[in-house]
Amino acid sequence: MSGAKTAKRSAPFFQRLVAAVLGGYLLASAWIVFCGALSQPAAEAVLAGMQISFAIHVAAIIWSFSPVSIARVWVGLVVPVALLSVATWALMQWRG
């Protein structure tokens, strides 16, 4: 009985941990790919994007453990990833 209570209490923490690790990683990775597609010397742009991505990942971790609902956390992580992915795709199509 107490194991079920413990599992029920730890589920929101585990959901936030997954959002912080995977969501932050996806958001930072999408940012790096976007920076690579944005500038013509891609290596320098990717390096600059990587430096900023560390701050983005930390911000995602802080956002994941903020006192908002877990659904809002996921929306706050997934929507920017989708927008960055679409922008990257559009840039790659535009440049050919």
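Mentor: What follows sets out the overall fold, then the core, then the aromatic pairs.

This is a predicted model, in which local features need pLDDT of at least 70 and side-chain atom pairs count only at pLDDT 80 or more, while totals for chains, interfaces and linings use all residues. Residues are numbered from 1 along each chain as its sequence is written, and side-chain values use heavy atoms, with hydrogens and water left out.

The protein has three helices and zero strands; helices (H or I, at least four residues) and strands (E, at least two) are DSSP runs, numbered from the N terminus. The radius of gyration of the protein is 17 Å, whereas a compact globule of 96 residues would have one near 12 Å. That radius is taken over C-alpha atoms, and the globule rule is 2.2 Å times the number of residues to the power 0.38. The C-alpha atoms fill a box of roughly 60 × 25 × 20 Å along the principal axes.

Of the 96 residues, 27% are buried. Buried means under 20% relative accessible area, exposed over 50%, and partly exposed in between (1.4 Å probe, protein chains only). The largest nonpolar core has 13 residues, and those with the most contacts inside it are Leu27, Val73, Leu77 and Leu84. Such a core is a set of buried Ala, Val, Leu, Ile, Met, Phe, Trp, Tyr and Cys residues joined through side-chain atoms within 4.5 Å. Helix H1 (2-38), helix H2 (42-64) and helix H3 (70-95) each supply at least two residues of this core.

Now the aromatic rings. Rings of Phe, Tyr and Trp (its six-membered ring) pair if their centres lie within 6.5 Å; planes under 30 degrees apart count as stacked, over 60 as edge-to-face and the rest as tilted. By this rule the count comes to two aromatic pairs. Phe13 and Phe65 form a tilted pair, 5.9 Å centre to centre with 40° between the planes. Phe13 lies in helix H1 and Phe65 in the loop between H2 and H3, so this pair ties together parts that are 52 residues apart in sequence. Phe65 is partly exposed, with a relative accessible area of 38%.

Trp31 and Phe34 also form a tilted pair, at 5.9 Å centre to centre and 40° between the planes. Both lie in helix H1, and because they are three residues apart, about one helical turn separates them. Trp31 is partly exposed, with a relative accessible area of 23%, while Phe34 is buried, at 14%.
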